[in-house]
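Here are my notes for you on this one. Have the viewer open and follow along point by point.

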Amino acid sequence: MRNKSVDIYFFTGTGNTYLAARKIKEVFEQNGCTVRLLNIEQNSPSEIDLSKTIAVAFPVACWNTYPFVRRFIKALPKASGTEAFVFSTMGDSSLKAAANFGDILKKKGYSLIATKGFKMPNNLISIQSEEKNIEKRNKAYIKIASFALDILNSAAKPEKTNIFFKMCLAVSSFITLLWEKKPAQKLINMKVIKEKCVKCGLCAKICPVKNISYKDFPYFDGNKCQICMRCVSYCPTGAIDSLFVNKGKVYKGLNESEMKGCFKI
């Protein structure tokens with residue numbers, strides 16, 4: 001990596017991608033870089049500073065990423081050799097999602113220096129114990145730090161894709177777009193359990209697509225839910241339920257202080 005000034009644009013649902021971005025920031029800064037972590041939902045792609053090295057980071061969802069994150073990536077400005085790298089976090093397989101989106105940046109004129117996916121704790125349905133989640137994160141941190149050092153030493157390379165992975169991206173892009181349609185939103189069925197809600201309004205504050213409104217009581221307002229699980233995981237009383245909540249089990253990668261700093265509330 002030639003440029004020592006780096007902006008990492010990330011989206012995180014329950015915390016994994018933020019933790020990965022923070023680890024890369026830590027390694028970079030230990031080696032003389034200046035790094036900013038910027039929330040995708042709070043920044044415009046048109047305002048990106050192409051004089052810096054640009055990173056894009058996201059969670060994998062349905063072997064892809066969330067529709068609003070995909071729209072952000074596709075709206076990035078064209079570049080003329082700006083260094084870029086892409087990384088993702090996932091609970092299981094990603095079908096080279098980071099590499100697929102890296103190819104999109106290459107077509108926009110970015111100089112792609114690395115892509116990588118990292119396995120982190122699952123935040124959807126098959127949620128493990130906190131002990132196992134900590135173990136999984138610690139294993140991931142080792143790989144993430146190594147990835148960061150490889151970028152610094154110009155030893156990292158973009159993963160290669162092929163027609164199979166590109167077809168997977170196309171199909172999964174179509175599927176995830178259906179999430180924002182009314183029938184799918186009814187199936188997802190995000191709802192507030194009134195008996196548990198303490199009306200703190202946190203869910204509305206941290207929803208990345210403003211799909212939760214608050215007027216005396218929080219309610220899901222529209223067809224924009226991305227199933228990122230933020231509201232479910234960080235509700236202090238477990239008052240949000242859905243098809244994807246398994247017996248009340250939730251995963252949150254951030255403590256209260258980290259969560260407030262990350263989501264800027």
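1. Start with Phe174: its relative accessibility is 54%, so it counts as exposed (exposed means over 50% relative accessible area, buried under 20%, partly exposed in between, with a 1.4 Å probe and protein chains only). Phe174 sits in helix H5, residues 163–178. Helices here are DSSP runs of H or I with at least four residues, strands are runs of E with at least two, and both are numbered from the N terminus.

2. Before you go further, a word on the source: this is a predicted model, where local features need pLDDT of at least 70, side-chain atom pairs count only at pLDDT 80 or more, and totals for chains, interfaces and linings use all residues. Residues are numbered from 1 along each chain as its sequence is written, and side-chain values use heavy atoms, with hydrogens and water left out.

3. Five strands make an open sheet, ordered E2-E1-E3-E4-E5, with parallel pairing (two strands pair if DSSP finds at least two bridges between them). E2 (34–39) and E5 (111–119) are at the edges with a single partner strand each, so one side of each has no neighbour in the sheet.

4. For a closer look at the pairing, E4 (residues 83–90) and E5 run parallel over eight bridges, and Ala84 has Leu112 of E5 as its bridge partner. Helix H4 (residues 130–152) packs on the sheet, touching E4 and E5 (contact means heavy atoms within 4.5 Å).

5. Over at E1, six bridges join this strand to E2 in parallel, and Tyr9 stands opposite Leu38 in E2. E1 is mostly covered, with five of its six residues buried.

6. How many residues of helix H3 are buried? Nine of the eleven in H3 (residues 97–107), so this helix is largely enclosed by the rest of the structure. Phe101 and Ile104 are among them. The buried residues of H3 pack against E3, helix H2 (67–74), E4, E5 and H5.

Notes: Axes are lines fitted to C-alpha atoms, for helices over the stretch in contact, and angles run from 0 to 180 degrees between N-to-C directions.
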